[in-house]
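Let's take a look at how the ligand sits in this one, and then at how the two chains meet.

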Amino acid sequence: MDAAIGLYPQDHRRSAAMPLLHLWQEHFGFISDEAVLWIAEKLGLQPINILELVTFYPMFRQQPAGKTHIRVCCTLSCAMAGSFELMENLCADLGIQHQSDGEGIHNPIAVSADGNYSVEFVECLASCGTAPVCMIGEQLYEKVSPESAADILLNPQSAIRNPQFHSPHPLEHRLTFKNIGRADWTTDIDCYLHDGGYEQLKQGLTMSRSDIVNKVKNSGLRGRGGAGFSCGLKWSFIKPDEKRPVYLICNADESEPGTFKDRYIVHYDPHQLLEGILISCYALNAHTAYIYVRGEFPVGAKILERAIEEARAHNFVGKNILGSRFDTEIYVHRGAGAYICGEETGLIESLEGKRGYPRIKPPYFPAVLGLYMCPTIVNNVETLCHVKHIIAMGGAEYARLGRPNNTGTRIVCVSGDVQRPGYFEIEVGAVTMGQLIYEMAGGLRPGRKLKAVIPGGSSAKVLRADERFKLKRRQTDGSTVEREISIDEILMDFDSLTAAGSMAGSGGVIVLDDSRDMVWVLNNINEFYAHESCGQCTPCREGSLWMKKITDRMLRGGGVVEDPETLKTIGDNIAGRTICAFGEACAWPTQSFVEKFSEEFAARAQKPVPPPLPPEYTPEELIERDEISIAPLAHDPGWEKAGTAGTI
Amino acid sequence: MSDSTDTAPLLSNVQVDGVWHQFPKGTRVIEACEKAGSYVPRYCYHKKLSSPGNCRMCLIEMGFPRLGPDRKPELGADGKPIINWMPRPQISCAQDVAEGMAVRTNSPLVKECQRGVMEFLLINHPLDCPICDQAGECRLQEFSVDYGDSKSRFLENKVKKPKNVVLGPRVTLDDERCILCSRCIRFCQEIAHDDVLGFVDRGSYTVLTAHPGKRLENNYSLNTVDICPVGALTSTDFRFKMRVWFLKETKSICTSCATGCNTIIGTREDVIYRQTPRENDHVNSCWMCDYGRLNFYYLQSDQRLLEPQIRSEGKLVPTDWPSAIAQAALQLKQFSGPEIGIIASGRMTNEELWLTSQLAKSLGVQWIDIVPRREPGDDILLSEDRNPNTNGARLILGSTSEPGAKLMAIADAVKSGQVKALVILKENTMHLGIPVEQLAQLPAFIMVNILSNEATEKATVVLPACGFAEKRGSMINGRGRLQRLNRGVRPPGNARDDWEILRDLLQAVGGGDSLLSIDDVFRRISETVPQFAGLTLSKIGDLGVHILQMEELPPMHPSDEEKIEQAVAIQTTRRAIRQQLHDAPKAAAVGTH
Ligand SMILES: Cc1cc2nc3c(=O)[nH]c(=O)nc-3n(C[C@H](O)[C@H](O)[C@H](O)COP(=O)(O)O)c2cc1C
Ligand code: SF4
Ligand code: SF4
Ligand code: SF4
Ligand code: FES
Ligand code: FES
């Protein structure tokens, strides 16, 4: 425990709260009241500070789970592939009553009578390409068909986890994923060194800082985490003569539904990531880097920790790296199941040991007032890996990959209703949506037609298969022409998808075929966002749950005529008015689904009046019925001494 | 630098709803709008706390002048800069004004934002208004009329949350009413330095609470009730007692310690229902302590002295005022100055103290002092000196020693029989260690007081007086600030205003001339005590004036994150100064005059 505390600056011991909670839970199985008090005491905090964390991060539980804890993904791609049936089968086999997680997010964990097993629905596990997936203990199980539930329970060891790799498609250009899935590839540093690893670090250390930053600028690299912001520009916000410590944070919280690329790098090519981080640290003069890895990657976190130790043994990490007199430490910090900690300022708060509440910008731009109020750069895993390749190729050469303003390669993750879901590393914009779906991902299942595509993670606006998109194209002479194209012709790059009214986002492409009920799909998405809203700001907190309640009611047959209009205006009232971009993330699906599939929504919204609600009780009645807790009176003799009536 | 830019850094030109204004640098946009007459609704923003920007009620449109190629603002046909409006609304509570900034606070987009936020806030809000204490001063109620829609589109079940949560001994919480603005949490962290409140759970299910093992019981807990914009946090004391719109409000000060927090006394028909803090950056910012806030119930005690009484044949019998005063004067005049002791109080006003000093003078009394009252204070507001007017006593009683220093000598003089006549003003003799039997033997034992106590029975004359909320007058707080008390309620029974009692007594012993009003008394003080020169009661104003040269503490400052270091520095200075004052109370307190 003390070692965990030692990973953070002396005056920021609060950061160790989450690591301590993880350690406690690993050891004792759950976070008891005693744990809250003990950890608070240990870190010099108030118990409420710890209680706030335990109840914010879904991975921390306040009751014991079974000896074997099973987490089943209930998010879109897995749900489409049958994860709800999987859960049903598991429960039937284990004799567990899993109450459907109606209202309230808490304690959906159900434990079997003998205490051996427990099950829980969790949000996207970043393996949507091999849906449906579940985690048994710390281990991920992929392509777990509902029928195989009994098998994995009977014989978890023999149902050996089989990582699902596939060899590169001819349309791919593998750079960061070069080694993923290679038969002879391991995560050992020797394997990586043998492949020419850490050469770019050596090269980088001989260059000047501004040189590297300029190379990254010239490469045109745009962030792969979701926003697509220019990486070089972001880096240039750090003043070269900065006096405060500069921090680099690698965002490995990959949790946008439909996205499963960082998982592969973290689990199968950790040294590539470390090399990218180390070069970036040197360029930014950052002496500390944190890798914020999502809590659902416990194995990944261990792989990274081991990789860091290997790199240290080779003096790639630590003091006076390779004689350059440059020092850098890299630490792994684990999240605990909160999607919002992928948002960079939410991540920073989380790393500081608080609830992952995103910060307002201005004034808290990470590059100015980031981690511990110091300048901080947050970059996605994939983005940082590209830095290594930019050093290898040179900025200008790298910029030749892809299309202008959309340079390099990126990993596109395809999931949903295609025959060969998975990851594909393409030159940005070198492949069309049609090629991606029909050639690379094997097209739709026999007899099925494309209905819609969500092109950049579940928060991206949906594209309808029969939609026509008007795209402006800049000619070589500078003039622009407008062209009308179909969904198949959209280039898979940042600007084209934006022009088509959606976004490239995190690169997660979710394909929906004509068997899908769009109200059901939207309800699944709404469920995710209602569950993941941090609850800090009014529009998102209230609106996300409201939208979910409406789609839920529509699904159950209670849709009223006004519902589509109400849904749309709720979305309008959220987007652009919140603290962080989660507001858009949760509003866009609703706005676009309702607009583009208006006939389906109208068909589900035909009742003139809503169904009756369960009876409402007055607060007093509810207290009587024991449905509302009343906390006991705390006694305070100290104050009474100080000033009861009549102290005159 | 040219002359014009020399002054430029201090003021920024800001356009609010089409009109240009100038504001000092560092003014929050939301404050600037208010100063310009365009109030922006808000829930989470509180000027003395950090800004989390979470309620989104203060969204406005913001823009900056369009710059031409020469980096100069482009001017429109009307000669004014053309504004580039940002496409998205911005919150006005977390940014300071900047040169050339333009804001719109009532455009269609802004109104749409406000309507949207109001709708979101109300969907899960219970319809409790008829039974809610906050009704009448609820921001949700106010703003929903001003900025909301009347019809609800919410057809779902509301989120259920705990009700009647006893957060601590004085504060009760209704979580369903809470709009999660975090003001109370920030207050506890930033002002009370007692981080007990927090949010648990997530999203729409987020609930405000305290850890079961550590409740909201610090001495500042009731301030959270003041700043809660809705009726979620309520004072257990005030709950359900009175609808706020019936309350008459009187501006006064707290007299429970030397800080002298500025207050509003809420009364109805001569009953005090509550005290709330009144903003004064020189004294208490926006806060007061719970101890002072609730320390008014003794005024309603059944121990109140209601009639003047005279001892007759060993028993106290009620009488009228002229007889009681005459009797007291008669008794006193039988003794020479050295045989009389006067124990006054640091809770008396300057006016009362001055009259007391005149009384002492005309009787030739040397044995006069106040009862000191020292108890542990804190780094926030509560002073170690629980007398509100020690400084007044120091200036006006004209003693050379520190207030309270002679007290024990007086007690000894009573015990030794040297002092035969004792006048007790608003204090309890029981604490002086004089045996009750001995008090009972005193031929003259005159008591001016509010409540009866054991010693009262031994008095020869009992004169019922007023409490702090029943009278006017002035006091000087521990930092040397002259402040005013005001009358919120009339005294019960036949109790009388202290200054009148003292004036009558003074005249009866033959020492006084005509003093028709308390303002006359104040004028006398201003003529004789140099620190009061030129002042009148009305000139003191609601916020008081600084009259003693003492190190004035920096005002309680907003601990805004942007200014964290500054706030920490102020905090440290404040602590250091307090420490100094603590170490050398005399040196610092006497001042230079
Ligand atoms: C709600 C939300 C969730 C996000 N989740 C992730 C995430 O899981 N992983 C990630 O790399 N970026 C995520 N981002 C984007 C980050 O805020 C940030 O832009 C990114 O880490 C920057 O890295 P990049 O510039 O390399 O893309 C998220 C953003 C939002 C608004
Ligand atoms: S938009 Fe949603 S997730 Fe982002 S801060 Fe607001 S409530 Fe939290
Ligand atoms: S209790 Fe009141 S002050 Fe505290 S968060 Fe809720 S609404 Fe805000
Ligand atoms: S700090 Fe002193 S003056 Fe202020 S409220 Fe408390 S007791 Fe009264
Ligand atoms: S892993 Fe199940 S949806 Fe992503
Ligand atoms: S007042 Fe709450 S966001 Fe500005």
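In this predicted model, ligand 1 lies between domain 3 (189-400) and domain 5 (518-603) of chain A, because both domains give residues to the shell around ligand 1. That shell is made up of 24 residues. The closest are Gly223(A), Gly225(A), Gly342(A), Asn380(A) and Thr383(A). Two elements of chain A give two or more residues to the shell, namely β9 (376-380) and α24 (582-596). Of these, β9(A) gives the most, with 3 residues.

Now for the wider layout. Chain A is divided into domain 1 (2-56), domain 2 (68-154), domain 3 (189-400), domain 4 (412-513) and domain 5 (518-603). Taken over C-alpha atoms, the centres of domain 1 and domain 5 of chain A are separated by 35 Å.

And what about the partner chain? Here, 61 residues of chain A are in contact with 59 residues of chain B. On the chain A side, α4 (47-56), α21 (518-532), α22 (538-555), α23 (563-574), α26 (619-624) and α27 (637-643) each supply at least two residues. The biggest giver is α22(A), with 10 residues.

Terms used. Residues numbered from 1 in each chain as written. Chains lettered and ligands numbered in written order. Predicted model: local features only at pLDDT ≥ 70, side-chain atom pairs only at ≥ 80, totals over all residues. Near = placed C-beta within 6 Å. Helix = DSSP H or I, 4+ residues; strand = E, 2+ residues; numbered from the N terminus. Domains from an automatic or database assignment. Contact = placed C-beta atoms within 7 Å.
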